[in-house]
Structures are given as structure tokens and as C-alpha cells.
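Please consider the sequence and the three-dimensional structure shown here. A short report accompanies them.

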Amino acid sequence: MKEVLHFGAGNIGRGFIGALFSESGYHVTFVDIADEIIQQLNEQKSYQVKLATSTQESTAISNVSGLNNLKQADEVVEAITGAEFLTTAIGPTILPRIAPLIARGLTKRVEQSDAKLYIIACENQIGATDILKQHIVEHLSEDTKQKMEGKIYFFNSAVDRIVPIQENKGSLDVLVEPYYEWVVETTETLPSITGMKIVAELAPYIERKLFTVNTGHAVIAYLGYLAGKSTIDKTLADESIETQVRQTLNETGDYLVHQYRLNHEEHLAYIQKIIERFKNPYLHDGVTRVARAPIRKLGPEDRLVRPAVEAHKAGLAYTNLAKAIAAALLFNFEEDEEAIKLQAMIQEKGVATVLQEISGLEENGEITREVIKHYEALKN
Ligand SMILES: NC(=O)c1ccc[n+]([C@@H]2O[C@H](COP(=O)([O-])OP(=O)(O)OC[C@H]3O[C@@H](n4cnc5c(N)ncnc54)[C@H](O)[C@@H]3O)[C@@H](O)[C@H]2O)c1
Ligand SMILES: O=P(O)(O)OC[C@@H](O)[C@@H](O)[C@H](O)[C@H](O)CO
């Protein structure tokens, strides 16, 4: 049986990428540091993916097992030598931590096999696989790098499926929204994987996804958090927040239409479809999950700052994006490590310096001034 090694047995790992490979006839070995999940995968060898609909249709996902990369590094290396795909869904900031082990696996693999291995990071980050590759390469010899030519491939991808934090502690089953899209960038011919769409140029796909789904999500989450709401659908029931989301997505939409020559009407229909997905009442998706890791989300290439900077450069409106950035700066959830760090930075250095450090925005630039205006208004 063909093998895939998937790093991250969390929501997207089990509920999306691992499930698609299993449905495509692969054995999926999940790699994770969460011992309980790994043990359960090895005992049960299957779990259910349930759709967030009124009837909760479910699919059994079988041919799965698990390895703990902290305790079973040698087994992970061995698994890398025999896999056809290596995928990740662990969060962009974790990628550097798994790179040394993947490098060990690749070093061994190229000595004993000429078979092709396809590596795809499935994270909400532009160029996530390129970032992973850079970290892996730091741990490879010149000899291994040469031997990887024509055997080890790295493809960027965009992943879209809303998978909330699961409310079924102790179970491997995963509740997911029915919709999904997985786009992989390559001109190679790949083995056929259910649900994987191949494109030659990923930029329009990942930017459209990140700057619509994730920008819209972030607006709801940060404003919802400030309004004391618990979930995304409940926040969106507030008409003023829905209006704010639409206005922000019109700004990212104008940039996307301008940048990628998208059809304006089709893009408006895409925005509408995304807003309907956010309203799913069966997902119970928490605002604190969607708002998580605000320093990452305020990064220069991420869902709020990049579209604001690009809109500014193109002479387009960005004031609603500036408001979303301001709301993110006010996310002070005490169970989120990055939120705590962000608040401490703001207290110590002030908003303008923080925006320069984490978002790459000029301290006295127009965008920063616009953000500060909204920050002061939201704070009061
Ligand atoms: N949940 C969604 O709706 C969704 C949708 C699209 C993309 N994504 C992206 O997918 C990625 C994963 O998100 P998620 O929601 O599945 O998160 P998650 O927290 O449910 O899963 C992440 C998993 O990675 C594991 N992990 C953490 N550190 C590790 C390490 N050093 N080695 C091995 N495993 C480690 C965790 O134990 C956890 O099981 C993120 O980049 C996210 O942005 C999420
Ligand atoms: O995963 P993050 O933290 O980058 O973003 C939170 C959500 O917006 C995200 O997980 C979405 O649910 C997902 O990207 C939908 O495809």
C-alpha cells in the first residue's frame, strides 16, 4: 500500500488532509507530539469524519496509524524513506522544529531509493512549503542536496476547510464543514489524490483564499472577541459586524480583482459563499480559535497587513482593514501565548513601534496612522 507521512494529527490533519489520502487508498502515518492521540490512532486504526450539517453524515477513515516524533524519531526517519507524500498541518511557526528530523529522513532516503517523494506543507501561510524547504536544507549536506534532484519535490499549497476545536475530548472523530478546497502548485504529473486540485500558479488561489476566508474570519473573531461573543456564527448574527466583514472583504476584493484581473461579479459571489460558510450553526467555531496567534496574523505577509499594504500601494481603500488590524491589536485573551506577548509589547513600546516590528509597517506611515485612529476608537 502507498504511504503518506503527515505531520500534525490535529483538526486539519485528521479532518482534511489525512482523510483525503485515506480515501485515496493510502496508509496514513500521522506524526505528532500529542501522545494520547498517537496511542489512540494505533489502537483504533480508524476514526470518523463528521459533517457539520443537521444530519451529521459521517465517513470512516481507516488505514491510519501514528508516531510520536519526540519519542520515535528513528521510526519517523524510517517512514520518510518509504513514503510517497510527506505533508504537514502543524501551524507555520512549528515548521522549523520538524525540519531537522525530515532532513535526517531525506538523507537516509536518497541513499537507498530513487522513488519520488512529494513534500507539501498545508498551512495558512503564503509559500509555507518553501519556508519548510529552507529550514530542511539548512540540515542537509551538499551531497544529499545533489542526490535529491529529480527525486524530492516541494510544492506550495492552499488549504481551505473550516475545522473547529473539537468538543469531544478523548475521541479521534472530527467535525468538519462540508466544503473543502486543496490546491497544489506544480507542473509535474502527480498520483491522483481525491480532492487535490493541481495548478501551475498558486498565487491567485492562495491570496484569494487567505484574503477572503481568513481576512473575513479574522474580522469576525477580533470584533467578536471585543464584543464578548463566543462563536463565529453568533458574532455574525450581529448585523453591524456582518456589515463590517463585507466592507473589509470589499477592500481585499478590490485588491484581488485589480491584482489578478478576477471577474468582479464572480468575486462578489465568492465573498457571499464564504460569508454563508461562516454562518454554519453546526460548527460552533470559537472566536478565540480563529483569533489565535495574533502576532502571526499581524505578520507582513498575512491576512490583514498584506492586503492593506497592497491596497495602499494601488491607491485603493484600506480603512476597514486598518480597523481589523486595530481589533487584532486589542486581542488580550490570556490563554493565547502570542496575545499575552503582544499586549506586553504594546505596553512597553506603543502601537506604532509594535506595528513596525511585527508587521513591517512604517512607524509614522499612513497605514499606521489609520490603524492608531481605529485602535483609539475601539479601545474606548
Ligand atoms: N482548522 C482549520 O479550520 C484550518 C483550515 C485550513 C488551514 N489550517 C491550517 O492548518 C494548520 C493546522 O491547524 P489545525 O487547526 O489543524 O491545528 P491543530 O492545533 O488542531 O493541529 C496541530 C497539530 O500539530 C501538532 N504539533 C504541534 N507541534 C508539533 C511538533 N513539534 N511536532 C509534531 N506535531 C506538532 C499538535 O499537537 C496538533 O495535533 C495551521 O497552519 C492552520 O492555519 C487550519
Ligand atoms: O488557522 P489560522 O490560525 O491561520 O486561522 C484561523 C482560521 O481562520 C482558519 O483556521 C480557517 O478556519 C481556515 O483557514 C479555513 O480554511
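## Basis of the model

This is a predicted model, in which local features need pLDDT of at least 70 and side-chain atom pairs count only at pLDDT 80 or more, while totals for chains, interfaces and linings use all residues. Residues are numbered from 1 along each chain as its sequence is written, and chains are lettered from A and ligands numbered from 1 in the order in which they are written.

## Domain arrangement

The protein is divided into domain 1, residues 3-201, and domain 2, residues 204-379; these bounds come from an automatic or database domain assignment. The C-alpha centres of the two domains are 28 Å apart.

Contact between the domains involves 18 residues of domain 1 and 17 residues of domain 2, two residues being in contact if their C-beta atoms, placed from the backbone, lie within 7 Å. The side of domain 1 that touches domain 2 comprises 10 nonpolar, four polar and four charged residues. In this classification Ala, Val, Leu, Ile, Met, Phe, Trp, Tyr, Cys and Pro are nonpolar, Asp, Glu, Lys and Arg are charged, and the others, Gly among them, are polar.

## Helix α1

Helix α1 has 13 residues and spans 17 Å from its first C-alpha to its last, close to the expected 18 Å; the expected span is 1.5 Å times one less than the number of residues. At Ile17, α1 bends by about 35 degrees, the bend being the angle between axes fitted to the seven residues ending there and the seven starting there.

Of the 13 residues of α1, 11 are buried, among them Ile12, Arg14 and Phe16. A residue is buried if 20 or more other C-beta atoms lie within 10 Å of its own, exposed if 12 or fewer, and partly exposed in between, with C-beta atoms placed from the backbone. Gly25, which follows α1, has a positive phi near 90 degrees.

## Helix α7

Helix α7 (residues 203-226) has 24 residues and reaches 32 Å between its end C-alpha atoms, close to the expected 34 Å. Because 21 of its 24 residues are buried, α7 is largely enclosed by the rest of the structure. Just after α7, Gly228 adopts a positive phi of about 75 degrees.

How values were computed
Helix = DSSP H or I, 4+ residues; strand = E, 2+ residues; numbered from the N terminus.
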